[in-house]
Amino acid sequence: MKARTFILAGLCMLSLLVIKANVNNPKSISSFHNRSDIPPGYEELELQGSLMLNAGPNDIEAYVDGHYVYVEFHRDFGAVSITLYDPNGLTIYNDVVNTTIQQLVVIPITALNEGIYTIILENAFGDADGDFEKQP
């Protein structure tokens, strides 16, 4: 019984140290909760929906630069299906990504014609989608 109490007290102390370290390092807190690492010159894709009940608005970011679509996962959503549709509704890209391992997906769009394209992300808990315009 004493060993269990000692271990529990040690875990509590460790968690307090971790919390204190994060409070004293605001970059680590903001980089987790307020991600917006979209590089200058890239167009953000507004995604509607959610892949998880408690997911925040910046847990997934998608952006485009005219040559590629980038999908960046800032938390683990498990297996996520990514599908890209052309202006006629035809599937032109589909892949399943394990977000536990891969946090950035890069989809080439250089060869696509101009028009409005749709991207849909789906997992076991929900979906999110957004549109972007491919320009010449």
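## Buried, exposed and what we're looking at

Let's start with a word you'll need throughout: a residue is buried if its relative accessible area is under 20%, exposed if that value is over 50%, and partly exposed in between, using a 1.4 Å probe and protein chains only.

The structure is a predicted model, where local features need pLDDT of at least 70 and side-chain atom pairs count only at pLDDT 80 or more, while totals for chains, interfaces and linings use all residues. Residues are numbered from 1 along each chain as its sequence is written, and side-chain values use heavy atoms, with hydrogens and water left out.

## The overall layout

The chain has two helices and nine strands. Here helices (H or I, at least four residues) and strands (E, at least two) are DSSP runs, numbered from the N terminus. Follow the sequence along and you get the pattern α-α-β-β-β-β-β-β-β-β-β.

How much of the chain is buried? Of its 136 residues, 27% are buried. Next come contacts, meaning heavy atoms within 4.5 Å. Among contacts between residues at least 6 apart in sequence, 51% join residues at least 24 apart.

## How the strands pair up

Two strands pair if DSSP finds at least two bridges between them. Four strands make an open sheet in the order S1-S3-S4-S7, with antiparallel pairing. Strand S1 (43-45) and strand S7 (104-108) are the edge strands, each pairing on one side only. On average, neighbouring strands in this sheet are turned by 25 degrees against each other, direction ignored; the strand axes are lines fitted to C-alpha atoms (for helices, over the stretch in contact), and angles run from 0 to 180 degrees between N-to-C directions. Inside the sheet, S3 and S4 are antiparallel and share five bridges.

S8 then pairs with strand S9 (residues 126-134) in the antiparallel sense, over nine bridges. Thr118 has Asp131 as its bridge partner in S9. S8 and S9 form a hairpin, with two residues between them.

## The nonpolar core

A nonpolar core is a set of buried Ala, Val, Leu, Ile, Met, Phe, Trp, Tyr and Cys residues joined through side-chain atoms within 4.5 Å. Which members of the largest core touch the most other members? Out of 20 residues, they are Val69, Val71, Phe73, Ile82, Ile119, Leu121 and Phe132. The elements giving two or more residues to this core are S3, S4, S5, S7 and strand S8 (115-123).

Val71 sits in strand S4, and its contacts include Ile60, Ala62, Val105, Ile119 and Leu121. Val71 and Val106 are 35 residues apart in sequence, yet their C-alpha atoms are 6.6 Å apart in space. Ile119 belongs to strand S8 and is buried, with a relative accessible area of 1%. Among the contacts of Ile119 are Leu45, Val69, Val71, Ile82 and Ile107. Leu45 is 74 residues from Ile119 in sequence and 9.2 Å from it in space, C-alpha to C-alpha. As for Ile82, its contacts include Phe73, Tyr93, Val97, Ile119 and Leu121.

## Charged and polar partners

A salt bridge is a side-chain nitrogen of Lys or Arg within 4 Å of a carboxyl oxygen of Asp or Glu. How many does a search of the whole structure find? It finds one salt bridge. The partners are Arg75 and Asp59, with their closest N and O atoms 3.1 Å apart. Arg75 is in the loop between strand S4 (68-73) and strand S5 (79-85), while Asp59 is in the loop between strand S2 (48-50) and strand S3 (60-64), so the pair links distant parts of the chain, 16 residues apart. Arg75 is partly exposed at 24% relative accessibility, whereas Asp59 is buried at 10%.

His74 lies in the loop between S4 and S5. Is this residue buried or exposed? At 13% relative accessibility, His74 counts as buried. The side chains of His74 and Glu61 are joined by a polar contact of 3.0 Å. That term covers a pair of N or O atoms within 3.5 Å; within protein, one must be able to donate a hydrogen and the other to accept it, and residues adjacent in sequence count only if both atoms are side-chain atoms.

Key
Lists of a residue's contacts leave out its neighbours within four places in sequence.
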